[in-house]
Amino acid sequence: MRILKMYPTSINEKFIDTIVDELRDGELIIYPTDSYYAIGCDALSNRAVEKICALKGINPQKNTLSIVCDSLSQASRYARIDNEAFSLMRDNLPGPFTFILPAATTLPKAFKGRKQVGVRVPENTIARRLAEALGNPLLSTTIHPEDDDLVTPEEIAMRYENSEIRYMIEGGEAPDQPTTVVDLTDSSAPEIIRQGKGELS
């Protein structure tokens, strides 16, 4: 696995282009977010989504899949966001939140039958720039330190060095809290189902 060092305050566009080419080819990457590091792929590539689910043991028919978007505008093409939900998300994004929303039909067949999708617009500029350059969201699954005893970028790189993941963006130490998860499937009654790093305003 090749490691590219890049920090949110200094985006390397050449590295972004390299990673986006990998994503468009259906490959998986490791990258930083505003919570833990994550494994990501092109959310519109069925083959890539299947690979990431197999790698992490995710059943897409039972687990809510999450996408990382560059903006609310991009998110609105893949999730149904009504006025109340939009207002709440606008006040809290970019930020360390995962909003559970009704899924739109524009998501690929791996999401078929799933009525919900998790939507993130991270504070981390690397994550947002990847989604922007790709032109659509990344499917994203967190690398949980409590699951794999992975805390530092070096430990994560060692754990996955012989996996099918070809690139990792090393962007410094990751925060030690997950995102706050907010259920907005009924936007008139938002429900915090996991309190994490973000404080909902």
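Predicted model: local features only at pLDDT ≥ 70, side-chain atom pairs only at ≥ 80, totals over all residues.
Colleague: Why is strand 3 called largely enclosed?

Modeller: Buried means under 20% relative accessible area. Five of the five residues of strand 3 are buried, so the rest of the structure largely encloses this strand.

Colleague: What joins strand 3 to strand 2?

Modeller: Three bridges do, and the two strands run antiparallel. The cut-off is at least two bridges, so strand 2 and strand 3 pair. I29 has G40 in strand 3 as its bridge partner. A hairpin of six residues links strand 2 to strand 3.

Colleague: How many bridges does strand 3 make with strand 7?

Modeller: Five, again in the antiparallel sense. A38 is opposite T142 in strand 7.

Colleague: What makes strand 7 mostly covered?

Modeller: Five of its five residues are buried. L138, S140 and T142 point one way, while L139 and T141 point the other way. Strand 7 also pairs with strand 4 in the antiparallel sense, over three bridges. There S66 stands opposite S140.

Colleague: Which strand gives the most to the lining of the largest pocket?

Modeller: Strand 7 does, with four residues. Helix 2 (46-56), strand 5 (97-102), strand 6 (116-120), strand 7 (138-142) and strand 10 (191-194) each supply at least two.

Colleague: What counts as lining here, and which residues lie nearest the centre of the largest pocket?

Modeller: A lining residue has an atom within 4 Å of a pocket point. By that cut-off, 23 residues line the largest pocket. T64, S66, S140, T141 and T142 lie nearest its centre. About 520 Å³ of space lies in this pocket.

Colleague: How does the lining of the largest pocket divide by residue class?

Modeller: It has eight nonpolar, 11 polar and four charged residues.

Colleague: Why is N63 called partly exposed?

Modeller: Buried is under 20% and exposed is over 50%. N63 has a relative accessible area of 36%, so it falls in between and counts as partly exposed.

Colleague: Where does N63 lie, and which residues is N63 in contact with, leaving aside its neighbours within four places in sequence?

Modeller: N63 is in the loop between helix 2 and strand 4 (66-68). With those neighbours left aside, it is in contact with I58 and R114. Contact means heavy atoms within 4.5 Å.

Colleague: What separates N63 from I193?

Modeller: Along the chain, they are 130 residues apart. Their C-alpha atoms are separated by 15 Å.

How values were computed:
Residues numbered from 1 in each chain as written. Heavy atoms only, no water. 1 Å grid on protein atoms, 1.4 Å probe; cavity = no way out; pocket = protein on both sides within 12 Å on 5 of 7 lines; lining within 4 Å. Points joined across faces, edges and corners; volume = space filled by probe spheres on them. Nonpolar A, V, L, I, M, F, W, Y, C, P; charged D, E, K, R; others polar. Buried < 20%, exposed > 50% of the residue type's maximum accessible area, 1.4 Å probe, protein only.
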